[in-house]
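Subject: Structure for you to look at

Hi,

Here is the structure I promised to pass on. Please open it alongside this email, and have a look around before you read my notes.

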Amino acid sequence: MVEWSQDVPTDGSIELPPDPSTLDAIGRNHSMETALADLVDNSIDAGATHVLIQIVKVGGRPRSLYIVDNGHGMTPTTIDTAMTVGHRREYRERDLGHFGLGLKAASFSQARSLTVMSKAAGHDAVGRRWRLDDGPQRGFACDVVPGQFASEEFKRNWQIPIGESGTVIRWDDVVSFAATNDPKNVEKILNHTITTACQHLGMVFHRFLEDDKISVEFQVHDVDLSFVGPPVPVTPLNPFGYARPARPDFPKTLTAHVDGLSLAFRCHLWPGRSSSAQFMLTGNPVDHQGLYFYRRGRLLQAGGWVGVHAPHRRLALARVEVEIGTEAIGLFQFNPEKSRVLVGPEFAMLASAAQSSDGMTLAQYFEVAEDVFRAANKRAPKRTAMIHPGTGLPPRLRSTIENEIPQVLGEKPIDIRWDTFPDDSFFRVDRDEHTLWLNKRYRKMLLGGKHGGLNDLPLLKSLLYLLIGNVFEGDYLGPRDKDNIDLWQAVLTTAVQAERQ
Ligand SMILES: Nc1ncnc2c1ncn2[C@@H]1O[C@H](COP(=O)(O)OP(=O)(O)OP(=O)(O)O)[C@@H](O)[C@H]1O
Ligand SMILES: [Mg+2]
């Protein structure tokens, strides 16, 4: 028998550069929304305050996509390292970038061609392009886009404030867009893509959006019609956005210090199941119990107990924030798509050692979470669903309503607005427009000297919403609804007139 040798001998070395087709294989775990999040990471690292994502339709079908930002841009030198697969630049303390892969992996997971055009202050615009279909004979030779073209693309009317610098990322032959020519279907798929992406970006970057550090907007450009649709803003989606916690002593921070490592678990308890967007997030809320890992303000993973506990229906209200700080970075690994966190054995040790200042452990937190879940289910066996309000109420009030009242799905929100009426009646139910109109002639008197605005008189409007909201449901007005409307109209009109006198 040949004896086993610990060392493997070598006989010189040969150069074996990777085959360019590897470009095609990277980023396979991306979806459209995680890919876009990777590019928004880059815009944030570049100090951008505005990001515009424009989907370009040609011949009735979406084909290309632009991501434009007003960050510090790239110089003729940095754009080459930016296009290099796996080039890690020097990262600052707050940078979201880590692998030197994101731009390329995210782009080639969605499109066959990636063009980067950028301008740094005091430099000319530069452009580079990678195309997957150029064939292996091209090797890793990257196309140089003429400065003139890069500059024209940069200067297009992007409808975000771009000064001296910024970056335009362009995807062509986007493979993940609709594979149909049926205009109705294209529209549906496009809307779905934008809605899903808005939710994901709203969740991943909710802290940046809440702090107004960045604004992200979607827009559709129909080239044949020379028409650019209205911007769709990404709004923050905070997984901890409940109006008040289940118990006044929550959220509770449990900390652990073991072998020079420390970690904090900020344990939250939702007050009950809710149909609000913040509770539902992007899917089944049962999947959203668990740990929420943040790195530098960006959400890396939304839920899952990573071995600390098994998922359970009764833990549906338990969500825990964990910050991956520089001192604890060795405890974690995250995938290049930045959508999942892997934890090492030390993590389990820290989780079992963690305690709050009043002595609560994670095991006790789970017990409390189950108790609260049971109590919440008993307390609120079933609340009647309502269509949620749209414009007319202040955002805070809307989010309380969304947290408290289950939503009737698939209905447009109810707007509450003022209008000039031909008569004295106090309100008008407009089911076609999904609007509860209020008679303008009483507005000034009701405001009593305060300034009016879109969201004025929230107390009055929320009372009306609670009273009248349900008549907007269903395909037609039943006799009972009609009679109720007459009754409310008679009483409220008399009341508002009495108030005026
Ligand atoms: N919008 C942008 N504005 C300015 N520079 C950018 C922009 N996008 C990319 N870059 C430059 O390109 C480099 C490569 O980006 P890429 O996303 O591939 O890797 P990364 O951000 O360094 O790391 P990660 O793989 O973790 O995302 C960045 O480090 C940055 O220097
Ligand atoms: Mg990146």
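**Overall picture**

Please keep in mind that this is a predicted model. The protein has 14 helices and 19 strands, and its C-alpha atoms fill a box of roughly 100 × 65 × 40 Å along the principal axes. Of its 501 residues, 47% count as buried. The exposed surface comes to about 25900 Å², with carbon and sulfur atoms supplying 53% of that area. If you look at contacts with a sequence separation of 6 or more, 66% of them are between residues 24 or more positions apart.

**Around ligand 1**

An oxygen atom of ligand 1 has a polar side-chain atom of Asn-42 at 2.8 Å. A polar backbone atom of Leu-103 is 2.9 Å from an oxygen atom of the ligand. On the nitrogen side, a polar side-chain atom of Thr-167 lies 3.2 Å from a nitrogen atom of ligand 1. Taken alone, the ligand exposes 590 Å², and the protein buries 94% of that.

**Helices with a buried side**

Next, have a look at helix α5 (residues 147–155), where the buried residues are Ala-150, Glu-153 and Phe-154. Seen down the helix axis, these residues fall within an arc of 100°, so they line one face of α5. An α-helix has 3.6 residues a turn, so residues three or four places apart point the same way. The face of α5 turned away from this buried side carries the exposed residues Gln-148 and Lys-155. What covers the buried residues includes the strands β2 (61–69), β3 (111–119), β4 (126–131), β5 (143–145) and β6 (166–174).

Helix α9 (residues 345–353) can be read in a similar way. Its buried residues are Phe-347, Leu-350 and Ala-351. They cover an arc of only 100° around the axis, which puts them on the same side of α9. Pro-345 and Ser-352 are exposed, on the face turned away from the buried side. The buried residues of α9 pack against β10 (252–258), β11 (261–269), β12 (290–295), β15, β16 and the helix α10 (362–379).

In helix α11 (residues 395–404), the buried residues are Ile-401, Glu-402 and Asn-403. Here the packing partners are α8 (277–280) and α13 (458–468).

Glu-337 sits in the loop between β15 (332–334) and β16 (341–343). Is this charged residue buried or exposed? Glu-337 counts as buried, because its relative accessibility is 8%, under the 20% cut-off. Leaving aside neighbours within four places in sequence, Glu-337 is in contact with Gly-27, Arg-28, Asn-29, His-30 and Asp-38.

The side chains of Ser-425 and Asp-423 are joined by a polar contact of 2.8 Å. Not counting residues up to four places away in sequence, Ser-425 touches Asn-439, Tyr-442, Gln-489 and Thr-493.

Lastly, Pro-479 belongs to helix α14 (residues 479–500). This proline is exposed, with a relative accessible area of 71%. From Pro-479 to Thr-494 the C-alpha distance is 23 Å, for 15 residues apart in sequence.

Best wishes

Conventions: Residues are numbered from 1 along each chain as its sequence is written. Chains are lettered from A and ligands numbered from 1 in the order in which they are written. This is a predicted model: local features need pLDDT of at least 70, side-chain atom pairs count only at pLDDT 80 or more; totals for chains, interfaces and linings use all residues. Side-chain values use heavy atoms; hydrogens and water are left out. A polar contact is a pair of N or O atoms within 3.5 Å; within protein, one must be able to donate a hydrogen and the other to accept it, and residues adjacent in sequence count only if both atoms are side-chain atoms. Accessible areas come from the Shrake-Rupley method with a 1.4 Å probe; for residues, only the protein chains shown count as cover. Helices (H or I, at least four residues) and strands (E, at least two) are DSSP runs, numbered from the N terminus. Buried means under 20% relative accessible area, exposed over 50%, partly exposed in between (1.4 Å probe, protein chains only). Contact means heavy atoms within 4.5 Å. The arc is that of the directions from the helix axis to the C-beta atoms.
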